[in-house]
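Welcome! Here are a few exercises to work through with the model open beside you, each with its solution.

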Amino acid sequence: MKVLEERIRQEGQILSDTVLKVDSFLNHQVDTGLALEIGKEFGRIFGGRPITKVLTIEASGIQFAMAASIALSVPFVYAKKKKAVTLSEQVYSAPVHSFTRQESYQVCISQKYLGPGDKVLIVDDFLATGAALVGLVDIVREAGAELLGVGCVIEKCFQEGRGLLEEMGVEVHSLARISAMAPGEVHFIENEEI
Ligand code: G4P
Ligand code: NA
Ligand code: NA
């Protein structure tokens, strides 16, 4: 997605070889016009599939899941992160280890809002190590729902997230795919026309 790549070049701050800060337009302050365009692009890519629900994880996946759900005219649900190990019986949950934060937590979704009839698109802001997304895939499977794809706004292709998801049989599309970065430069992989 060209407009997204341009914004990353203009405003992204590369803090190291692996960390990209996009706080000015994606995940702290949010450019809502861009977020809606991102949702439309997910709608274009996944719109041919019979999706009934968009799923994400708090916090910074929410605005893109909402944008995609508007484009697809279906509801979205966001998984909550809980440190507590005490879980009520009415939630699906999966453990996630965050490598960037060096801590583990549970992702939880109420069983009221996901079930065997659902056909799910998972959306998130970053595809990095894939830890959180693998947790969401586990929850979709636990719920007996069908996963029709994963859409990420920014993928760091040099991390292992895509490989983990593809090993699980999941189809992944990302709107900006970074092959390498260093302070002052970002390299993107061209997406094939979908
Ligand atoms: P992930 O690939 O499944 O997201 O897991 P990982 O443990 O690698 O990432 C941990 C958190 O850091 C995630 O946010 C992820 O979106 C975010 N993240 C990973 N790489 C980058 C990066 O280069 N830049 C930025 N800005 N964020 C990155 P989260 O735990 O879901 O937290 P939240 O911010 O959504 O609340
Ligand atoms: Na996220
Ligand atoms: Na994040």
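**Exercise 1.** Find which residue takes a positive phi in the hairpin of E9 and E10.

*Solution.* Bear in mind that this is a predicted model. Start at the turn: the hairpin has two residues between its strands. Of interest here is Gly 184, whose phi is positive, near 90 degrees. Next, look at the strands themselves: E9 (residues 172-182) and E10 pair in the antiparallel sense, over five bridges.

**Exercise 2.** Sort the residues of E10 by face: which are on the covered one, and which on the uncovered one?

*Solution.* Val 186 and Phe 188 make up the covered face. On the uncovered face you will find Glu 185, His 187 and Ile 189.

**Exercise 3.** Work out the strand order of the open sheet.

*Solution.* Read across its eight strands: E5-E6-E4-E3-E7-E8-E9-E10, with mixed pairing. Now check the ends. Strand E5 (91-98) and strand E10 (185-189) each have a single partner strand, so each has one side without a neighbour in the sheet. From one strand to the next, the twist averages 30 degrees.

**Exercise 4.** Determine in which sense E3 and E4 pair, and which strands helix H3 touches.

*Solution.* E3 (residues 53-57) and E4 (residues 76-82) run in the parallel sense, joined over four bridges. Val 54, for example, stands opposite Phe 76 in E4. Then turn to helix H3 (residues 62-72): this helix packs on the sheet and touches E3, E4, E7 (119-127) and E8 (146-156). Its direction makes about 175 degrees with that of E3.

Key
Residues are numbered from 1 along each chain as its sequence is written. Chains are lettered from A and ligands numbered from 1 in the order in which they are written. This is a predicted model: local features need pLDDT of at least 70, side-chain atom pairs count only at pLDDT 80 or more; totals for chains, interfaces and linings use all residues. Side-chain values use heavy atoms; hydrogens and water are left out. Two strands pair if DSSP finds at least two bridges between them. Axes are lines fitted to C-alpha atoms, for helices over the stretch in contact, and angles run from 0 to 180 degrees between N-to-C directions. Contact means heavy atoms within 4.5 Å. Buried means under 20% relative accessible area, exposed over 50%, partly exposed in between (1.4 Å probe, protein chains only).
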